[in-house]
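Hello,

Here is the structure we talked about.

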Amino acid sequence: MRTVLAILLVLFATYSVLVYEYGHGDRDERASTAVRVGIRIWQEEICQSCHQLYGLGGYMGPDLTNVVSQRDTMRIRTFIRYGTGRMPAHALSDVEIDQLIAFLAWVDRTGTRTMPPEATHWTGTYLLEKP
Ligand code: HEC
């Protein structure tokens, strides 16, 4: 009985060490300082009122969950700085825009937008097929 318990204890300890060392994938990646500052800018500028992340948020602009892998960085910078007829311009410094993009890149690595861009109307409405 003692031998069995000892073996179980050793297995448990080995397993715990392995899980602790190797058990985290990219999804648990720690947010860097730039990412954390970027989250704050995202909140202060209230981007969420018009944009969704992971499908949640406002529906005036497109979902930005995977915008970093789908769009050129210069395009993203230009949208944020100058806006468009529908999106307002944001008076942010180059560093702040970098931090905002670092946050969006982090979101990109942690989730997948389920609705393809071509299925989203410019008003933000999803173009679902009629049943
Ligand atoms: C008043 C609503 C509104 C706010 C606030 C807003 N956006 Fe937008 N955004 C839009 C709309 C609408 C579009 C689509 C613009 C167009 O096509 O004219 C857009 C487009 C974008 C795009 C381009 C997406 C693509 O697929 O190319 C990015 C990137 C973006 N916004 C980032 C941001 C960020 C970051 C913030 C906060 C700093 C923000 N937006 C705040 C409405 C908004």
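**The ligand and its pocket**

The ligand takes up the space of the largest pocket. A molecule sits in a pocket if more than half of its atoms lie within 2 Å of its grid points. A pocket is an open set of points on a 1 Å grid over the protein atoms alone, where a 1.4 Å probe fits, with protein on both sides within 12 Å along at least five of seven lines. This is a predicted model: local features need pLDDT of at least 70, side-chain atom pairs need 80 or more, and totals for chains, interfaces and linings use all residues. Numbering runs from 1 along each chain as its sequence is written, and side-chain values use heavy atoms, without hydrogens or water.

The largest pocket holds about 750 Å³ of space, counted as the volume filled by probe spheres set on the points, which are joined across faces, edges and corners. It has 33 lining residues, meaning those with an atom within 4 Å of a point. Closest to its centre are His51, Pro62, Leu64, Phe79 and Met87. Helix 4 gives the most to this lining, four residues. Helices are DSSP runs (H or I, at least four residues), numbered from the N terminus.

**Around the ligand**

The shell has 21 residues, each with a heavy atom within 4 Å of the ligand. Cys47, Cys50, His51, Arg75 and Met87 are the closest. Helix 4 (residues 73-82) supplies the largest share, four residues.

- Arg75, at 2.7 Å
- Arg71, at 2.9 Å
- Arg86, whose polar side-chain atom is at 3.1 Å

**Aromatic pairs**

There are two. Rings of Phe, Tyr and Trp (its six-membered ring) pair with centres within 6.5 Å; planes under 30 degrees apart are stacked, over 60 edge-to-face, the rest tilted. Trp42 and Phe103 have ring centres 5.8 Å apart and planes at 55°, so this pair is tilted. Trp42 is in helix 2 (residues 33-44) and Phe103 in helix 5, 61 residues apart.

Technical notes
Polar contact = N/O pair within 3.5 Å; in protein donor to acceptor, adjacent residues only side chain to side chain. Helix = DSSP H or I, 4+ residues; strand = E, 2+ residues; numbered from the N terminus.
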